[in-house]
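This report is written for a reader who is meeting the structure below for the first time.

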Amino acid sequence: MIRLAKETELFEILSLTNACTTHMIDQGIYQWNDTYPSREAFVNDINRGELFVLKSNHKLIGCMVLTTIMDQEYIPINWITKNNDNSLYLHRLAIHPKKQGRGYAQKMMDFAEKYAINNNYTSIRLDTFSKNFRNQKFYEIRGYKRLGTIYFPKQSKFPFYCYEWSCKK
């Protein structure tokens with residue numbers, strides 16, 4: 001079941017993202033670190049009603065943020081859809097490493113795409129780490145178009161790729 005996160009689940013959410021961070025670093029993917037994603041970011045996401053969780057058998061196995069707030073780093077990208085006010089931004093999609101490869105990320109993306117369509121958004125925009133080839137393939141297979149490169153220096157010296165998916169097919 002996918003639903004909005006509760007503040008009482010913050011410890012579980014941080015445990016999940018810490019496990020994902022460790023798992024990625026073990027694979028040589030330095031996408032997340034000790035400072036990102038942060039507790040403060042998740043508290044803000046919960047307070048804005050933008051953090052969604054995936055639970056199975058009462059266990060939290062996934063999370064993602066769906067927001068209308070565009071990061072400053074996204075401004076230079078030549079987006080497919082020109083109306084920046086009507087796009088949905090997906091951040092911090094995470095599936096617990098022990099549950100990866102079972103279609104849970106697909107379920108989260110199905111939810112995000114239906115949410116965007118049902119709420120009349122023009123597109124979904126996101127970024128993924130340039131060294132995370134699995135994520136790039138995942139989004140590209142779903143029809144997301146790679147549009148440009150941005151940097152988050154506090155996370156990595158390597159770039160992140162921006163992607164967009166149009167809700168109007």
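## Salt bridges

The side chains of Glu-9 and Arg-3 meet in a salt bridge, with 2.5 Å from N to O. Both residues are buried: Glu-9 is, and Arg-3 is too. The model is a predicted one, and the salt bridges in it number nine.

Another salt bridge joins Arg-92 to Asp-45, where the closest N and O atoms are 2.7 Å apart. Arg-92 belongs to strand 4 and Asp-45 to helix 2, so this pair ties together parts that lie 47 residues apart in sequence. Arg-92 has a relative accessible area of 12% and is therefore buried. Asp-45 also counts as buried, because its relative accessibility is 1%.

Glu-113 and Arg-142 form a salt bridge as well, and their closest N and O atoms are 2.8 Å apart. This pair links distant parts of the chain, 29 residues apart: Glu-113 is in helix 3, while Arg-142 is in the loop between helix 4 (133–141) and strand 6 (145–150). Glu-113 counts as buried at 10% relative accessibility, and Arg-142 counts as buried at 15%. Elsewhere, salt bridges with shared partners join Arg-3, Glu-9, Glu-12 and Lys-55 into one network.

| Salt bridge | N to O distance |
|---|---|
| Glu-9 and Arg-3 | 2.5 Å |
| Arg-92 and Asp-45 | 2.7 Å |
| Glu-113 and Arg-142 | 2.8 Å |

## Nonpolar cores

Which residues have the most contacts inside the largest nonpolar core? They are Ile-13, Leu-51, Cys-63, Tyr-74 and Ile-150, in a core of 27 residues. Two or more residues of this core come from each of helix 1, helix 2, strand 2, strand 3, strand 4 (87–95) and strand 7 (160–166). Helix 1 gives the largest share of this core, six residues.

Leaving out residues up to four places away in sequence, Ile-150 touches Glu-73, Tyr-74, Ile-77, Asp-127, Pro-159, Phe-160 and Cys-162. Another core lies apart from the largest one and has 24 residues, including Leu-66, Ala-112, Tyr-163 and Cys-167.

## Backbone points

Most peptide bonds are trans, and most residues other than glycine have a negative phi.

Pro-37 sits in the loop that runs between helix 1 (10–26) and helix 2 (39–47).

Is His-58 buried or exposed? His-58 counts as exposed because its relative accessibility is 76%, the cut-off for exposed being over 50%.

Where is Asn-120 found? Asn-120 is in the loop between helix 3 (104–118) and strand 5 (123–129). With a relative accessible area of 54%, Asn-120 is exposed.

Conventions. Residues are numbered from 1 along each chain as its sequence is written. This is a predicted model: local features need pLDDT of at least 70, side-chain atom pairs count only at pLDDT 80 or more; totals for chains, interfaces and linings use all residues. Side-chain values use heavy atoms; hydrogens and water are left out. Helices (H or I, at least four residues) and strands (E, at least two) are DSSP runs, numbered from the N terminus. Buried means under 20% relative accessible area, exposed over 50%, partly exposed in between (1.4 Å probe, protein chains only). A nonpolar core is a set of buried Ala, Val, Leu, Ile, Met, Phe, Trp, Tyr and Cys residues joined through side-chain atoms within 4.5 Å. Contact means heavy atoms within 4.5 Å. A salt bridge is a side-chain nitrogen of Lys or Arg within 4 Å of a carboxyl oxygen of Asp or Glu.
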